Amino acid sequence: MQLSFAPLEGITNYAFRQSHAKWFGAADRYFIPFLVPNQTYKFTSREKRDIAPENNHGLCVVPQLLTNHAEQCLWAMEQLQELGYSEVNLNFGCPSGTVVVKRKGAGFLADLDTLDRFLDTVCTGFSGKVSVKTRLGIEDAQEFAGILEVYNRYPLSELIIHARVQKDLYQGAVDHKAFSQALSACKHPVCYNGDLFTAEAFTKFCKVFPQVARVMLGRGWVANPDLGNQICGKGVLDLGRIRGFHDELYMTYRENLSGETPVLFKMKELWHYQHCLFENSEKILKKIRKSKHLTEYEAAAQEMFQHPLIPNAGYRVVR
């Protein structure tokens, strides 16, 4: 089974990827959170740092693009190819309202004629591998039959299917029935994505879909950075590695970000997911969220690390 780390905007940046690989072993592939080509034909400073080869040394990394403009997309793909990337992933799955309203991400799935022309231009004009991450549709999974007809016309290296429609966002159950239908009709290698938050959930999925050889894990792997090892039967949660990963990432942000506020923002985002590793973590999570200075944050994080770990922890949301 090939395990890919999904791109989570603002979280799985190069600092996260390098620290994760160091403390828990590298994923088979890390997907870089989406880059957004625009009319300037320039990457932002943040994007340049995230795709710089020296910041991804030793890792198998796939950059992702979020765009509906073929010319801008081809420019970005060529730039990435010059940096040494042999594959580029196209994001047709982001369900965010601010993205969808611009007909990007999952919003592109509402206009199949334009999507078809876009893929024709991009797949014809780029010599490297092109993969796609997609939703099943906008409002109903029955839409995917028509969407898949478009995908099947082009030589995609992989189709990553998040088994929800756009309107679901990340709520409700994933649609395994629709995924099964897509799996049988797709001409490309298929990678499954959606709500595999524990090793137990992964095992159940494999029993239902033994023919699937590629899985992408996102929120569950951020919440439990050791999830890949647990899936492979390589041990249990270790507080030392969890703490080492946290401390290294925290210091990297302190050294590279300007001021306390952006560091706090990054660490609060991380704890939104990783609080699930610890027993009775809700009250301490609130302290972390309320911290306005790094000294307050450090005290709250220290308190969190004094709580026992939950052996079979899985992602959960605390409002």
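Analyst: Four elements each supply at least two residues of the lining of the largest pocket: strand 2, strand 8 (214-217), helix 9 (219-223) and helix 12. Helix 12 gives the most, with three residues. The model is a predicted one. About 860 Å³ of space lies in this pocket. Its lining counts 35 residues, and those nearest the centre are Leu8, Pro95, Tyr170, Arg219 and Tyr273.

Take strand 2 to begin with. Strand 2 covers residues 29-35, and seven of the seven are buried, so the rest of the structure largely encloses it. It has a parallel partner in strand 1 (residues 2-5), joined to strand 2 by two bridges. Within that pair, Phe5 has Tyr30 of strand 2 as its bridge partner. Strand 3 (residues 61-65) also runs parallel to strand 2, and four bridges join these two. There, Phe31 stands opposite Val62 of strand 3. In a regular strand, side chains alternate between the two faces of the sheet.

The path from strand 2 to strand 3 involves a helix. Strand 2, helix 2 (residues 45-51) and strand 3 form a β-α-β unit, and it is right-handed. The loop between strand 2 and helix 2 holds Tyr41. Its phi is near 55 degrees, a positive value in a residue other than glycine. Most residues other than glycine have a negative phi. Tyr41 has 27% relative accessibility, so it counts as partly exposed.

Leu169 is not a glycine either, yet its phi is positive, about 55 degrees. Leu169 sits in the loop between strand 6 (158-162) and helix 7 (176-185). At 35% relative accessibility, Leu169 too counts as partly exposed.

Now helix 12, residues 260-274. The structure holds one cavity of 30 Å³ or more. About 40 Å³ of space lies in the largest cavity. Its lining consists of Gly10, Ile11, Phe16, Leu249, Tyr253, Lys266, Glu269 and Leu270. Helix 11 (239-256) and helix 12 are the elements that give two or more residues to this lining.

Helix 12 also has a packing partner in helix 13. The buried residues of helix 13 pack against helix 12 and helix 14 (294-305). In helix 13 (residues 282-290), Ile284, Leu285 and Ile288 are buried. They cover an arc of only 105 degrees around the axis, which puts them on the same side of helix 13. An α-helix has 3.6 residues a turn, so residues three or four places apart point the same way. On the other side of helix 13, Lys283 and Lys290 are exposed.

One more loop residue is worth a stop. Leu136 lies in the loop between strand 5 (129-134) and helix 6 (144-151). Its relative accessibility is 0%, so Leu136 counts as buried. Leaving aside neighbours within four places in sequence, its contacts include Phe144, Ile147, Ile161, Val165 and Ala178. Leu136 and Thr67 are 69 residues apart in sequence, and their C-alpha atoms are 18 Å apart in space.

Key:
Residues are numbered from 1 along each chain as its sequence is written. This is a predicted model: local features need pLDDT of at least 70, side-chain atom pairs count only at pLDDT 80 or more; totals for chains, interfaces and linings use all residues. Side-chain values use heavy atoms; hydrogens and water are left out. Buried means under 20% relative accessible area, exposed over 50%, partly exposed in between (1.4 Å probe, protein chains only). Two strands pair if DSSP finds at least two bridges between them. A crossover is right-handed if, with the strands pointing away from the viewer, the path from the first strand over the helix to the second runs clockwise. The arc is that of the directions from the helix axis to the C-beta atoms. Contact means heavy atoms within 4.5 Å. On a 1 Å grid over the protein atoms alone, a cavity is a set of points where a 1.4 Å probe fits but cannot get out, and a pocket is an open set with protein on both sides within 12 Å along at least five of seven lines; lining residues have an atom within 4 Å of a point. Grid points are joined across faces, edges and corners, and a volume is the space filled by probe spheres set on the points.
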